[in-house]
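Please look over the structure shown below before reading on. The briefing that follows is grouped by topic.

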Amino acid sequence: MTAAPFPAALAPVKRISLWRRYLRRPLGVVALAVLGVVVAAALLAPWLAPFDPNLVDFAITHAGPGDGHPLGGDSAGRDILSRLLYGAQTTLFGAVITCVAGLLLGVPAGVVAGYFGGVTDRVCSWISDALQSVPGMIVLLVVAAGTGQSFVVLMVALGVFMAPGYYRITRARALAVRKEPYIDAARVAGVTNPRILRTHMLRAVYAPIVVQTALTAGIAIGMQAGLQFLGIGSASTPSWGEMMNDGFKNMLTYPLILLWPSIALGVTIAALAFIGSTLADLISVRAEQPNRRARARVRQELAAPAPGDLPERVASGTHEHSVEDCALRVENLRVGYATQHGVKEVVRGVSLDAAPGEVLGIVGESGSGKTQTIFTVLDLLPSGGTAVADGIWVCGREVGKLSSGERAALLGRSIGYVPQEPMSNLDPCYTIEHQLVEPLRHVHGLSKAEARSRAREVLVRVGLTDPDRVLASYPHQISGGMAQRVLIAGAVAGRPSLLVADEPTTALDVTVQAEVLELLRELQQEYDMALVIVTHNFGVVADICDRVVVMKDGRIVETGPVERIFRRPEDPYTAELISASLDDTEGRDELDEVWARESAPDRPRSAAHVGGEDDAR
Amino acid sequence: MLSFIAKRLLSGILLLVVVTSGTFFLAYLAVGDPTPGLLGNSATPAQQAALRAKIGYDQPVLVQFWNWLSHAATGDFGTSWRNFQPVADQIALRVPVTLSVVVFATLLSAVLGLVVGVVCGLRPGGVLDRVLKLASVVLFALPGFWVSLVLVMWFAIELRWFPAIGYVSPEQSVGDWLMSITLPSVSLALGAIVMVAEQLRNGFIQVANQDFVRTLRARGLSNRRVTTHVLRNASPAALTVLALMFVGLLGGAIVVEIVFNLPGIGSLTQSASQIGDIPVLLGLTAVTVVFVVIVNFLLDLVLGWVNPKVRER
């Protein structure tokens with residue numbers, strides 16, 4: 001809810017074929033064209049090559065380009081161009097064998113391992129890992145050992161070493177797809193396993209396999225050339241690796257002989273690599289980071305003066321206190337994100353304030369802009385977000401007039417932050433002690449011993465009975481409720497005058513929720529902090545808040561003291577929200593009563609009926 | 001901790017046995033009768049039979065396999081079929097050269113991959129990030145020996161900054177030793193550097209968007225300190241890739257050593273492969289797998305140190 005600033009899922013998905021989107025990428029097109037040339041050269045070699053690749057003409061030994069031999073002759077007096085063209089044949093033939101072998105081994109194993117899991121998965125994965133931890137080159141040289149080696153067998157062996165690449169990618173996709181509801185649905189519907197594998201799994205793994213094949217082909221061509229360079233392969237079959245070996249031996253005297261096959265090999269591999277990476281780009285949905293220009297455009301649009309007197313462009317919400325008396329004051333805040341379709345405004349003119357010792361609730365449903373508002377106050381908007389405001393004051397200082405260093409210095413000292421999800425907000429790699437002590441030492445300048453005793457003290461204050469054990473623990477060793485207390489301890493350890501809490505109880509068990517709210521209330525009174533608490537739950541508001549701001553679609557619809565809002569909500573949306581959160585409990589109670597009555601022994605059957613109605617509603 | 005070490009040791013031994021056994025039978029299938037390759041085609045059948053008896057090739061394959069395995073378990077890898085020198089001695093002579101190059105290349109990949117990965121991860125979409133992306137695409141696929149040929153032509157022959165070929169042992173001169181392994185290591189490492197950097201960059205960006213990073217910032221921690229947290233969380237994937245790269249570097253070293261005329265295991269592997277000297281090939285396989293097992297063990301230790309969750313598994 002807090003992470004996604006705008007609903008990416010709702011963006012219209014244009015179904016353009018992969019092929020047509022590929023053709024829009026210049027680099028991809030060039031790479032494909034280069035590969036096309038290589039393939040054409042290989043296929044047409046018998047017609048294009050001016051000479052037999054093995055024809056020896058001592059007159060052109062080490063000859064430079066010219067005289068009917070466009071690229072000259074090699075050290076044995078053979079035409080280099082002809083050998084390059086036939087070498088392309090060998091290269092591509094080998095690459096095809098390798099890729100097919102890798103595919104046939106890796107993909108079925110990956111699909112099966114990912115789909116069935118269990119022992120199959122463990123065995124396949126062990127084999128895959130084992131293959132990856134064997135230096136393939138040595139085993140390939142073993143396969144090539146002796147004299148009777150066959151090129152096809154060698155390339156198949158190379159394919160075996162390429163299989164783990166296919167295996168891993170297919171298994172990961174199959175695992176992901178397996179968890180999709182539609183697979184469950186297919187199973188429930190009685191579709192057999194082989195059929196699910198054929199129809200759903202293979203479709204899901206198709207695109208990554210194409211990418212993997214482009215990459216595999218590139219690597220396979222490189223390894224093949226390496227083997228040929230080492231002298232593996234038949235002397236009568238021209239190959240680029242063997243040509244490079246010939247050139248290498250004459251590198252100092254006739255560098256051109258080395259140059260031509262090196263260029264052919266490098267360009268072919270690079271083309272395959274770029275084809276693979278272009279395809280990978282197309283099939284992976286990667287959120288691009290908006291650049292500086294895009295951010296500037298967002299800022300400009302957000303700050304644009306109101307056209308006419310559109311009510312949309314006027315600030316919403318009211319201020320209760322004078323600027324000097326506020327722990328927090330926000331004036332006409334707008335937050336926007338750059339999207340493909342222009343600027344998406346998630347906060348559209350919000351004004352609010354909170355005085356020291358006051359508890360302000362910001363209430364609204366998901367996507368109402370409440371979390372974005374407080375992230376702006378913290379100056380920690382997700383990347384891509386841009387905020388514009390007429391003014392934001394924290395503890396009487398206008399944030400916009402501070403340098404970025406001074407602004408950062410407010411964090412942890414003047415503002416404390418309690419996040420929503422306790423477990424994901426602790427660094428899994430460090431002990432609780434480290435995470436509490438680090439800011440105390442390096443932000444608040446305490447000595448190590450002071451910092452530790454302060455951390456311990458605060459942990460006790462937030463109600464943890466065994467602070468030493470908690471300090472020594474890693475986040476995964478404590479419960480969610482404990483983690484939230486630790487986070488509250490971290491937020492108040494620096495004695496801030498403004499505490500911002502983002503749905504601090506949403507992720508907790510119902511029993512813990514009340515305790516945490518009570519704790520926040522106590523701490524707020526004890527340290528005389530202003531507490532701004534974001535929630536979608538009017539129950540929380542009723543428990544703890546002095547004043548409420550009700551937000552909808554990035555604007556404030558109503559601001560007022562809690563009692564008044566509950567008694568006489570001025571905006572119909574507020575009334576709706578209140579009745580939604582309060583009636584809910586009432587409705588549940590009533591339903592339970594009905595359930596109890598209906599499921600009494602004399603009328604057992606209609607109980608299910610009531611449940612069905614409830615679901616339908 | 002002890003059970004962890006024991007488990008890793010066992011799985012390492014298992015890998016070693018499986019791979020060497022596989023290689024053994026593969027080699028027998030591939031080589032067939034080794035004597036023509038060893039003696040040349042002019043040898044008489046009687047000479048061939050004598051050699052077969054001498055190297056034990058006249059016994060059933062399974063007996064030969066058991067002989068090899070039981071001796072190898074005690075560290076005895078037998079003698080070469082060509083010169084009847086102990087395999088272990090020949091390999092021991094050459095391993096320092098290969099290890100110099102491969103370890104140096106791994107260090108280069110780790111250090112440069114770290115620097116480039118973090119710089120790109122801090123500014124995704126920046127100039128360096130885009131350069132890294134292009135470089136990683138090409139360098140990942142280009143074979144080390146191709147790069148090494150280009151580097152030799154450029155730095156050793158054109159510019160004459162480094163010796164083109166040859167190896168100087170560190171006992172002779174540490175400076176010359178470094179000079180002699182620099183170009184081979186760099187040619188091997190280029191691909192690994194970009195792979196490690198790319199992995200680290202992606203992990204870095206992923207971790208930087210996690211909730212706890214926002215919370216760390218909200219506590220007022222400096223950028224440098226937050227970066228340390230992000231880096232630690234992002235490093236396991238990059239370390240795993242680095243360990244995989246080590247395996248790749250070992251294999252790549254074989255060809256690169258030929259280019260630079262280094263007396264490492266590369267030329268030994270090449271010549272053993274050409275004549276079908278199976279004991280040498282098996283010994284080489286065993287030694288490289290041992291290195292891989294050691295590196296994977298070190299990786300597990302480091303991963304456990306970086307992320308406490310791993311330790312408890």
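Is the crossing of H5(A) and H7(A) left-handed or right-handed? The crossing is left-handed, a term used when the near helix is turned anticlockwise from the far one by less than a right angle (right-handed if clockwise). This is a predicted model, in which local features need pLDDT of at least 70 and side-chain atom pairs count only at pLDDT 80 or more, while totals for chains, interfaces and linings use all residues. Residues are numbered from 1 along each chain as its sequence is written, and chains are lettered from A and ligands numbered from 1 in the order in which they are written.

**The helix pair**
- The axes of H5 (residues 118-132) and H7 (residues 151-178) of chain A come within 9 Å and cross at roughly 130°, with axes being lines fitted to C-alpha atoms, for helices over the stretch in contact, and angles running from 0 to 180 degrees between N-to-C directions.
- H5(A) and H7(A) are therefore oblique to each other, because angles under 35 degrees count as roughly parallel, over 145 as roughly antiparallel, 65 to 115 as roughly perpendicular and the rest as oblique.
- Residues of H5(A), including A:Cys124 and A:Leu131, meet residues of H7(A), among them A:Phe161 and A:Tyr167, where contact requires C-beta atoms, placed from the backbone, to lie within 7 Å.

**Chain A overall**
- Chain A has 23 helices and eleven strands, taken as DSSP runs numbered from the N terminus (helices H or I, at least four residues; strands E, at least two).

**Contact between the chains**
- The contact takes 68 residues from chain A and 63 residues from chain B.
- H10(B) supplies twelve residues, the largest share of the side of chain B that touches chain A.

Technical notes:
Contact = placed C-beta atoms within 7 Å.
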